[in-house]
Amino acid sequence: MEERHRSGCPINLTLEVLGDRWSLIVIRDIMFGNRRHFRELLSHSHERIASNILADRLKRLMEAGLLTKRDDPAHRQKAIYSLTEAAIQLVPLLAHMGAWGRRHRPVTPELAIRAQLLEEGGPPMWGAFMDELRSLHLGAPANGPSVLTGLQAAYEKVAAEQNIQIP
């Protein structure tokens, strides 16, 4: 079946894949939360995504070529979701969205810290993070310090200062 698009505009075509309420949230949770299983994505969602919506978004993101799914060798009934190169290349977009949200929306300190660090780190940090994601999700060789570990540590520190329970 031929795929139909509203137009050939790059922004329109991007929004056709990512413009719904949940797709970028699912990618964010896999990317920044390193949540790779359905149950982790469901139970640790700050936005409390419903299971049927999560299942639908995972399916759509796989069909769009942003995620892959494979059996978890440690547990027969679980699957592991991984980012594709196309999803990893969303890091700069998510960094810009986070920076915009910090400036123009009522963010909470613990959820804004990663966006702040990514904005301050700029393209060099984004590149290092994308390399790390390629290692985690695509099996590329690891090199350099872990950006993900640094972002998580900053989040946990601010959450502790705010007396917030981390899911």
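Student: What makes N163 exposed?

Tutor: N163 has a relative accessible area of 71%. Exposed means over 50%. Therefore N163 counts as exposed in this predicted model.

Student: Where is N163, and what is its phi?

Tutor: N163 sits in the segment after helix 8. Its phi is positive, about 55 degrees, although N163 is not a glycine.

Student: Why is N34 called partly exposed?

Tutor: N34 has 32% relative accessibility. Buried means under 20%, exposed means over 50%, and partly exposed lies in between. So N34 counts as partly exposed. N34 is found in the loop between helix 2 and helix 3. N34 also has a positive phi, about 50 degrees, and is not a glycine.

Student: How do you know whether N143 is buried or exposed?

Tutor: The relative accessible area of N143 is 55%. The cut-off for exposed is over 50%, so N143 is exposed. N143 lies in the loop between helix 7 and helix 8. From N143 to A128, the C-alpha distance is 8.7 Å, with the two residues 15 apart in sequence.

Student: Helix 7 and helix 8, then. How are they placed, roughly parallel or roughly antiparallel?

Tutor: Their axes cross at roughly 160 degrees and come within 8 Å. Angles over 145 degrees count as roughly antiparallel. So helix 7 is roughly antiparallel to helix 8. Their crossing is left-handed.

Student: Which residues make that contact?

Tutor: On the helix 7 side, they include L117, L118, M125, A128 and F129. On the helix 8 side, they include L148, L151, A154, Y155 and V158. By class, the contact of helix 7 with helix 8 has 16 nonpolar, two polar and three charged residues.

Student: What makes helix 2 roughly perpendicular to helix 6?

Tutor: Helix 2 (residues 23-33) and helix 6 (residues 91-104) pack at about 105 degrees, with axes 12 Å apart. Roughly perpendicular covers 65 to 115 degrees. So helix 2 is roughly perpendicular to helix 6. L24, I27, M31 and F32 in helix 2 meet V91, L94 and M97 in helix 6. This contact of helix 2 with helix 6 has seven nonpolar, no polar and no charged residues.

Student: Why is helix 2 called roughly perpendicular to helix 7?

Tutor: Helix 2 and helix 7 pack at about 80 degrees, and their axes are 11 Å apart. The range for roughly perpendicular is 65 to 115 degrees. So helix 2 is roughly perpendicular to helix 7. I30, M31 and F32 of helix 2 make the contact with R114, L118, F129, L133 and H137 of helix 7. Those residues of helix 2 and helix 7 divide into six nonpolar, one polar and one charged.

Student: Which residues have the most contacts inside the largest nonpolar core?

Tutor: They are I27, M31, L83 and F129. The core has 33 residues. Among the elements that give two or more residues to this core are helix 2, helix 6, helix 7 and helix 8, as well as strand 2 (75-83). The largest share, seven residues, comes from helix 2.

Student: Why would such side chains gather?

Tutor: In soluble globular proteins, nonpolar side chains tend to be buried together.

Student: What is L83 in contact with, beyond its neighbours within four places in sequence?

Tutor: Its partners are I27, I30, M31, L66, L67, I88, L133, H137 and L138.

Methods:
Residues numbered from 1 in each chain as written. Predicted model: local features only at pLDDT ≥ 70, side-chain atom pairs only at ≥ 80, totals over all residues. Heavy atoms only, no water. Axes fitted to C-alpha atoms, helices over the stretch in contact; angles between N-to-C directions. Helix = DSSP H or I, 4+ residues; strand = E, 2+ residues; numbered from the N terminus. Parallel < 35°, antiparallel > 145°, perpendicular 65-115°, else oblique. Contact = heavy atoms within 4.5 Å. Nonpolar A, V, L, I, M, F, W, Y, C, P; charged D, E, K, R; others polar. Core = buried A, V, L, I, M, F, W, Y, C linked by side-chain atoms within 4.5 Å. Buried < 20%, exposed > 50% of the residue type's maximum accessible area, 1.4 Å probe, protein only. Left-handed = near helix turned anticlockwise from the far one by under 90°.
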